[in-house]
Amino acid sequence: MNAQQELPGSYWLETAPGGEPAPPPSRDLAVDVAVVGGGMAGLSTAWELVRRGHEVAVLEAGRIAGGVTGRTTAKLTALHTLVYDRLRRTRGREGARLYAHSQSAAIRRAAETVEEVGIECAWEEAAACTYAEDPRHVPQLRAEAEAAREAGLPAGFVTGTELPYPVAGAVRVTGQAQFHPVKYLLGLTEELRRRGGIVHEGTRVTGLTEGTPCVLTTDAGVRVRAREVVVATHHPVFDRALLFTRLSPRRELVVAGTLGADRAPRDMYITTEQNTRSVRSAPHTDGTRLLIVAGEHFTPGTADVEERFGRLAAWAESRFPGLALSHRWATQDNDSTDSVPLVGPLHPGSHHAYVATGFGGWGLSGGIMAGELIADLVEGRKPEWADLYDPRRLGSVVREGWSFLKNQAHVAQHFVGDRLPSVTTPSPEELAPGDGAVLRVGGHRYAFHRDGGGLLHAVSARCTHLGCIVAFNRAEQAWECPCHGSRFAPDGRVLQGPAVRPLEKREV
């Protein structure tokens, strides 16, 4: 194992306060609102509702902030790469304005919460920049700056930045923020409990019956009755709205390391070039800052992740000489077909169930926005941007039909193609320790993995969500579904939904 492979995981999770997990519910319970998911969207929703006097229970399958929120780059900004020029073409100038207004309101809401609760989370105000090194992309940046400014953001086009390498141009928006997302959510959780909110970790929700009240069922058979239910599980774990047809999963890699404070950028940067490069820094120790670099996005289960980690690390070290890499991790996002998150009623017939998903890599501002939006909907109010994010919208899906068809073609390719007979059928004995492969045995596809001790294990290769065939990610030691992004441990345990059931064990 080389030095790269030995780097620890998420810096945010490593440096957050520890503590015993909140136990799963030991008996059935009844609350006003049940929130499924303990990330930014779920806890923001719970916080808004508890502040307004509702009895709320948060049900998290793992640990609070231990999923996607704990693995982001932690940028809190309304400048989402190149979204505004696209929005004014697909949703009109008013749609772009509402998007900017709602995302900016989320940043202000987070700042108010940090102040109100007194959360120590390394909060820093910073500018956000979308840049390009290739001069051919300058017209696109100028159009984005114009669209963002027209939408109400303090945006401008610049040709110089603090980056230690030249850029052809950048869109710069001031008054944005960066912070420690896990410390923020843990502080929010503590205050939520102090005000009467209920939090259960290690509680995977497997069923939902909508009605009056709604009833959630956990993997332990406990029932939670609630007047309202919010599904904030990153990718929805319930398929009745067929939202998976409008979402495409992607993973993105992150490397981080220390750099002298005088050489670390203080603003936040991102470019779509070179398969995305995102750069920011965070307070560290002894006159240094932690440089955080993300990029190399790919569909789960379709890439040599170790190679991509190496490529990202090499880019970071070459662009920032003296960088001492200390961490690496990966995150996962879901892109909606029309570039706008899906926040609102779970499906057209829903009266008491809501969903928040499809944040497209911007789940911190999006999650906080979703919390305020859903809390208003629960109380019978409709913010002016509710229709923009409504999951039941159809017009934008028609306008972005190519993205929808492309997503479905990708799923169909794996769903059908992965079932065709393989050209070669390697033997399980050929797997080295730490390796995994899907192999055909007796006409069935098994997912084989050899652990570090040399023992061979096997589980079904069919994802328990909709039956696509999983693939092995050696760098992260996980089975991944390329169709909708479910992820499983080598032994089949669910690491990330939409799947809620483990891969079935098979006899070796």
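Two strands pair if DSSP finds at least two bridges between them. Strands here are DSSP runs of E, at least two residues long, and helices are runs of H or I, at least four, both numbered from the N terminus.

Alanine 447 stands opposite valine 459 in S20. The bridges joining strand S19, residues 444–450, to S20 number 5, and the two strands run antiparallel.

A word on the model. It is predicted, so local features need pLDDT of at least 70 and side-chain atom pairs pLDDT 80 or more, while totals for chains, interfaces and linings use all residues. Residues are numbered from 1 along each chain as its sequence is written, and side-chain values use heavy atoms, without hydrogens or water.

Back to the sheet. It is open, has 3 strands in the order S18-S19-S20, and its pairing is antiparallel. Which are the edge strands? Strand S18 (436–441) and strand S20 (456–460), each pairing on one side only. On average, neighbouring strands are turned by 35 degrees against each other, direction ignored.

Next, a parallel pair. Strand S1, residues 29–36, is joined to S2 by 4 bridges, and the two run parallel. Alanine 34 sits opposite alanine 57 in S2. Strand S2 covers residues 56–59, and both of its faces are covered. Val56 and Val58 are buried on one side, Ala57 and Leu59 on the other. Buried means under 20% relative accessible area, with a 1.4 Å probe and protein chains only. In general, side chains of a regular strand alternate between the two faces of the sheet.

Now the helices. Helix H2 (residues 40–51) packs on helix H8 (residues 363–378) at about 40 degrees, axes 7 Å apart. Axes are lines fitted to C-alpha atoms over the stretch in contact, and angles run from 0 to 180 degrees between N-to-C directions. The crossing of H2 past H8 is right-handed, meaning that the near helix is turned clockwise from the far one by less than a right angle.

Who meets whom? From H2, the contact includes Met40, Ala41 and Glu48; from H8, Leu364, Ile368 and Val378 are among the residues met. Contact means heavy atoms within 4.5 Å. The contact residues divide into 9 nonpolar, 5 polar and 2 charged.

Why does threonine 45 count as buried? Because its relative accessibility is 0%. Leaving out residues up to four places away in sequence, threonine 45 touches Val230, Ala370, Gly371 and Ile374.

Notes. Ala, Val, Leu, Ile, Met, Phe, Trp, Tyr, Cys and Pro count as nonpolar, Asp, Glu, Lys and Arg as charged, and the others, Gly among them, as polar. Buried means under 20% relative accessible area, exposed over 50%, partly exposed in between (1.4 Å probe, protein chains only).
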